[in-house]
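Hi,

Here is the model we talked about, with some notes on its charged side chains. Have a look when you get a minute.

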Amino acid sequence: MFYLWLKSLGHAVHNHPVVGRIVEIRKMISELARKHTPKPKAKRTVAFKDEIRQPNTTQPDATQEEVEEDSKRAITYEIARNKGLTPKRKKEQRNPRVRHRKKFEKAKIKRKSQVPTVVREQQQYGGERSGIRSNLARSVK
């Protein structure tokens, strides 16, 4: 407020500490305005019998320079609007390879509980370890 009051009175304000920050903000605003200006639509070529009109291509296109400077292009309004309200996803859910790997691990665990694991014989069958139980009698009718 003091800066504005000094400026309204016509005093020199170039040494005021706020001036540096005001210049930075002005640069940021001009940069944002330059990036978000609507791009001119491409002119159509109209062909007549004797001549063909083409758009003037002698001036370098500023939009091409901006695209070359930035590695990623900003999303358009339509893309942002179409996205809608999506919940925040875990990093695991955003990577399809990892997601399917975890899904497979989970399925393997479920399968183990449903089907017993096959145990291969290491040696030929040698009878029961505890031997024959003499006090047990079973009959078949």
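Below is what turned up, starting with the ground rules.

This is a predicted model, so local features need pLDDT of at least 70 and side-chain atom pairs count only at pLDDT 80 or more, while totals for chains, interfaces and linings use all residues. Residues are numbered from 1 along each chain as its sequence is written, and side-chain values use heavy atoms, with hydrogens and water left out.

Salt bridges first: the whole structure has two (a side-chain nitrogen of Lys or Arg within 4 Å of a carboxyl oxygen of Asp or Glu). Glu24 pairs with Arg21, with the closest N and O atoms 2.9 Å apart. These residues sit three apart in helix H2 (residues 18–35), so about one helical turn separates them. Helices here are DSSP runs of H or I, at least four residues, numbered from the N terminus. The other bridge joins Lys35 and Glu31 at 4.0 Å, N to O; Lys35 and Glu31 are four residues apart in H2, again about one helical turn.

On exposure (buried is under 20% relative accessible area, exposed over 50%, partly exposed in between; 1.4 Å probe, protein chains only), Glu24 is partly exposed at 43%, and Arg21 is partly exposed at 47%. Lys35 is partly exposed at 41%, and Glu31 is partly exposed at 41%.

Then there's a surface patch of positive charge: Lys83, Lys88, Lys91 and Arg94. Patch residues have over 30% relative accessible area and no salt bridge, with like charges joined within 9 Å. Arg94 lies in helix H5 (residues 91–94) and is exposed, at 53%.

Cheers

Key. Patches are made of residues with over 30% relative accessible area and no salt bridge: like charges are joined within 9 Å, nonpolar side chains (Val, Leu, Ile, Met, Phe, Trp, Tyr) within 5 Å. Accessible areas come from the Shrake-Rupley method with a 1.4 Å probe; for residues, only the protein chains shown count as cover. Lys and Arg count as positive and Asp and Glu as negative; His and the chain ends are not counted. The place of a charge is taken as NZ of Lys, CZ of Arg, CG of Asp or CD of Glu. Helices (H or I, at least four residues) and strands (E, at least two) are DSSP runs, numbered from the N terminus.
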